[in-house]
Amino acid sequence: MSEMPLSVIDVLLVEDDPGDALMTQEAFEHHKIRNTLHVVKDGVEALAFLRREGEYENAPRPGLILLDLNLPRKDGREVLAEVKADAELRSIPVVVLTTSDAEEDILRSYSLYANAYVTKPVDFDRFIEVVRQIDDFFVTVVKLPR
C-alpha cells in the first residue's frame, strides 16, 4: 500500500499575545510543518477571516483553528460559539490553545463543541512539542473534511 501524500492545510491561529503567536510560528518552522499558518489577534478578526469579510475577502478556508480563549474585542468562547453555530464553519476543527487550566473553561469549551482543549506549556521546548503534536494529530492522523 502506498502512503497518501500529506495534504497541506491552512491553519488559523487566533492569538493576541505576540510572544505566543511567534512561538507557534517558530514551532511550525522548527518542525518543517508544511501547513500555512495565518495569525489574527482577536475574535472579531477571526470571524472576519472565517467569513471572508473586508480585508479577508480572499482568505482561504482553514482546515484547523487554534483558538486562544482570552482575546480582546470578542473572546475565544464567543468565537467558538459562533463558529459552531454556523453551518458553513462548524465542520472546521477547533483546538482551544490557552494558558487557562480552569475546569470551568475546559467544560465550557467542550460544551461549545471544541474539538480539543490544550493548555499552553510555559516552557518553549514543551510548547513547540505540543504544537507539533497538535499538527501531527489533526493533519496526519485525523481525517478532516475537504
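View 1. Helices (H or I, at least four residues) and strands (E, at least two) are DSSP runs, numbered from the N terminus. Keep in mind that this is a predicted model, where local features need pLDDT of at least 70 and side-chain atom pairs count only at pLDDT 80 or more, while totals for chains, interfaces and linings use all residues. Residues are numbered from 1 along each chain as its sequence is written, and side-chain values use heavy atoms, with hydrogens and water left out.

**View 2. The two ends of H2.** At the start of the helix, Asp42 brings a side-chain oxygen to within 2.9 Å of the backbone nitrogen of Val44. That is a polar contact: a pair of N or O atoms within 3.5 Å, where within protein one must be able to donate a hydrogen and the other to accept it, and residues adjacent in sequence count only if both atoms are side-chain atoms. Just past H2, look for Arg52, which has a positive phi of about 55°.

**View 3. One face of helix H3.** In H3 (residues 76-85), the buried set is Gly76, Arg77, Val79, Leu80, Val83 and Lys84. Looking down the H3 axis, these buried residues fall within an arc of 160°, so they line one face of the helix; the arc is that of the directions from the helix axis to the C-beta atoms. An α-helix has 3.6 residues a turn, so residues three or four places apart point the same way. The cover over the buried residues of H3 includes helix H2 (43-50), E3, E4 and H4.

**View 4. The open sheet.** Here five strands sit in the order E2-E1-E3-E4-E5, with parallel pairing; two strands pair if DSSP finds at least two bridges between them. At the edges are strand E2 (36-40) and strand E5 (116-119), each pairing on one side only. On average, neighbouring strands of the sheet are turned by 20° against each other, direction ignored. Axes are lines fitted to C-alpha atoms, for helices over the stretch in contact, and angles run from 0 to 180 degrees between N-to-C directions.

**View 5. The E4 and E5 side of the sheet.** Strand E4 (residues 94-98) pairs with E5 in the parallel sense over four bridges, and Thr98 stands opposite Thr119 in E5. Helix H4 (residues 103-111) packs on the sheet and touches E4 and E5, its direction making about 155° with that of E5. Helix H5 (residues 124-141) also packs on the sheet, touching strand E3 (64-67), E4 and E5, and its direction makes about 175° with that of E4.

**View 6. Ser100 in its loop.** Ser100 lies in the loop between E4 and H4 and, at 12% relative accessibility, counts as buried. Its side chain reaches the backbone nitrogen of Ala102 at 3.2 Å. Leaving aside neighbours within four places in sequence, Ser100 is in contact with Asp105, Tyr117 and Thr119.

Conventions
Contact means heavy atoms within 4.5 Å. Buried means under 20% relative accessible area, exposed over 50%, partly exposed in between (1.4 Å probe, protein chains only).
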